[in-house]
Amino acid sequence: MSTSLMYLLLRQVLQMLSQLARDGGAKDVEILVLRHQVAVLRRQVHRPDLQPADRVVLSRLLPRPRWSAFFVTPATLLRWHRELVTRRWTYPHARPGRPPVDNRVRGLVLRLAAENPT
């Protein structure tokens, strides 16, 4: 996963650098085309299936004032964070203390104690 994440981040950085080198008119046309593509895809897919790398890009690279233009709500980001924490911090669910003794063993010990008082 880390290799694919690094690849996606490097790709995003290179795309941003190439967009800085373009003139304003070409960027405006590209933004209009991309917005139209997003509108078409939203009509076809109601709930997209996001990968962990997509989540990193959405939550870290997109500035907070622009979150309203995206389909991920702040509640979704909080849910992703909770799921990440629950996957990371897993503790054994064993009860503390000594495990219970089997009834047959308990009966045997009591019988031996009754037969051998010394």
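Guide: Here are a few labels, each with its rule.

Guide: This is a predicted model, where local features need pLDDT of at least 70, side-chain atom pairs count only at pLDDT 80 or more, and totals for chains, interfaces and linings use all residues. Residues are numbered from 1 along each chain as its sequence is written, and side-chain values use heavy atoms, with hydrogens and water left out.

Visitor: What makes the contact between glutamate 83 and arginine 79 a salt bridge?

Guide: The rule asks for a side-chain nitrogen of Lys or Arg within 4 Å of a carboxyl oxygen of Asp or Glu. Here the closest N and O atoms are 3.2 Å apart, so the pair qualifies under that rule. Both residues sit in helix 4 (residues 74–88), 4 residues apart, which means about one helical turn. Helices are DSSP runs (H or I, at least four residues), numbered from the N terminus.

Visitor: Why does arginine 111 with glutamate 115 count as a salt bridge?

Guide: Their closest N and O atoms are 3.9 Å apart, and the cut-off is 4 Å, so the pair counts. They too are 4 residues apart, in helix 5 (residues 103–115).

Visitor: What are the salt-bridge partners of arginine 104?

Guide: Aspartate 102, at 3.2 Å, N to O. By this rule the count comes to 3 salt bridges.

Technical notes:
Helices (H or I, at least four residues) and strands (E, at least two) are DSSP runs, numbered from the N terminus.
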